Amino acid sequence: MDSSSTRRSALMGLSIAAAGLATAGGAASAQAAARADDLIPTSATGLESLSARLARAPRRRDFRSLPMVLEDPMLWDHEAIGELLAYGAGPKQIWDNTEIASPWLSGMRNALNAQIFSFRHPDFLVVSATHGQAQLALLDQAMWEKYQLARHAGGVTANTFLQHDRKAQADRSLQSQAGAYSSADESVPDLMDRGVVFLACHLGLWELVGTLIRTGVNPDRLSHGAIVAELTNNLAPGVVLTPGMAATIPEFQQAGYHYIK
């Protein structure tokens with residue numbers, strides 16, 4: 001189990017009142033009251049249950065080599081994907097995110113805010129189908145440095161997308177422009193704390209490694225499959241690995257997810 005899963009399990013069941021939400025009205029205040037370890041509304045029982053099941057679903061990150069086309073479900077996070085496909089507690093969106101320098105995190109944050117506080121859907125679920133350049137945000141800084149990933153990140157020089165802003169998250173005022181519901185709190189782990197699930201693309205990693213090898217970026221002189229395995233093993237905690245995003249998105253659409261590009 002990854003560290004974020006352990007943190008969620010340890011703190012599950014605790015709750016605190018979201019600060020400064022009284023002016024938003026009784027119903028919104030009740031929806032916005034968040035658990036101590038995340039920002040999932042206490043009234044979002046379906047989403048909270050899903051998050052707990054996802055935390056228990058295995059993430060295999062001990063690969064030594066991976067093939068180009070995955071045929072065995074044990075090579076991707078099929079249990080977690082199954083939980084997501086079965087989710088029916090509230091409205092659900094799948095965001096097709098490919099550009100790391102675009103406002104992709106802001107778009108998902110805005111969707112959360114409006115669905116939860118404006119339309120009163122606390123169990124609203126957002127899934128990020130993360131591939132292309134955007135997938136680089138799901139790899140840790142050690143991989144960025146070892147494989148010179150900034151060269152492929154559209155002008156982004158370091159992976160700040162995995163930085164958790166504890167100060168912003170502590171400010172639970174709904175209208176605060178520096179708080180938990182604002183642009184100050186929209187990194188990958190920040191959004192995970194609101195129930196957002198980030199998918200990663202195996203085939204995207206395979207194509208990236210092909211580019212690395214062609215340009216001579218292979219410091220350990222590993223095979224293609226071994227580098228893919230290393231990158232997979234260093235995905236951010238909580239990320240759900242898919243066998244290929246272009247094929248996975250239709251599965252979510254068939255399960256009732258609204259597609260957002």
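Which residues is Phe198 in contact with, leaving aside its neighbours within four places in sequence? The views below start there. All come from a predicted model.

**View 1. Phe198 and its contacts.** Leaving aside neighbours within four places in sequence, Phe198 touches Trp104, Leu105, Met108, Ser128, Thr130, Leu138, Val188, Leu191, Met192, Val239 and Val240.

**View 2. The largest nonpolar core.** This core holds 73 residues. Leu84 and Phe198 have the most contacts inside it. Helix H5, residues 104-118, gives the most to the core, with seven residues.

**View 3. Glu186 in its loop.** Glu186 sits in the loop between helix H7 (166-170) and helix H8 (188-192). Is Glu186 buried or exposed? Its relative accessibility is 15%, so Glu186 counts as buried. Two side-chain partners make polar contacts with the Glu186 side chain: Ser106 at 2.7 Å and Arg109 at 2.6 Å. Leaving aside neighbours within four places in sequence, Glu186 is in contact with Leu105, Ser106, Arg109 and Leu191.

**View 4. The five-stranded sheet.** The sheet is open, with strands in the order S4-S3-S2-S1-S5. Pairing is parallel. Strands of a sheet pair through backbone hydrogen bonds. Strand S4 (240-242) and strand S5 (258-260) are the edge strands, and each pairs on one side only. From one strand to the next, the twist averages 25°.

**View 5. The pairing of S1 with S5.** Strand S1 covers residues 92-97. S1 and S5 pair in the parallel sense over three bridges. Here Trp95 stands opposite Ile260 in S5.

**View 6. Two helices across the sheet.** Helix H9, residues 202-214, lies across S3 and S4. The angle between H9 and S3 is about 50°.

**View 7. Confidence along the chain.** The protein averages a pLDDT of 88, and 86% of the residues score at least 70. Over residues 1-36, the pLDDT is below 50. That stretch still has 75 contacts in the model beyond near neighbours in sequence. Where pLDDT is low, the predicted coordinates should not be read in detail.

Conventions. Residues numbered from 1 in each chain as written. Predicted model: local features only at pLDDT ≥ 70, side-chain atom pairs only at ≥ 80, totals over all residues. Heavy atoms only, no water. Helix = DSSP H or I, 4+ residues; strand = E, 2+ residues; numbered from the N terminus. Buried < 20%, exposed > 50% of the residue type's maximum accessible area, 1.4 Å probe, protein only. Polar contact = N/O pair within 3.5 Å; in protein donor to acceptor, adjacent residues only side chain to side chain. Contact = heavy atoms within 4.5 Å. pLDDT = per-residue confidence, 0-100. Pairing = 2+ DSSP bridges. Axes fitted to C-alpha atoms, helices over the stretch in contact; angles between N-to-C directions. Core = buried A, V, L, I, M, F, W, Y, C linked by side-chain atoms within 4.5 Å.
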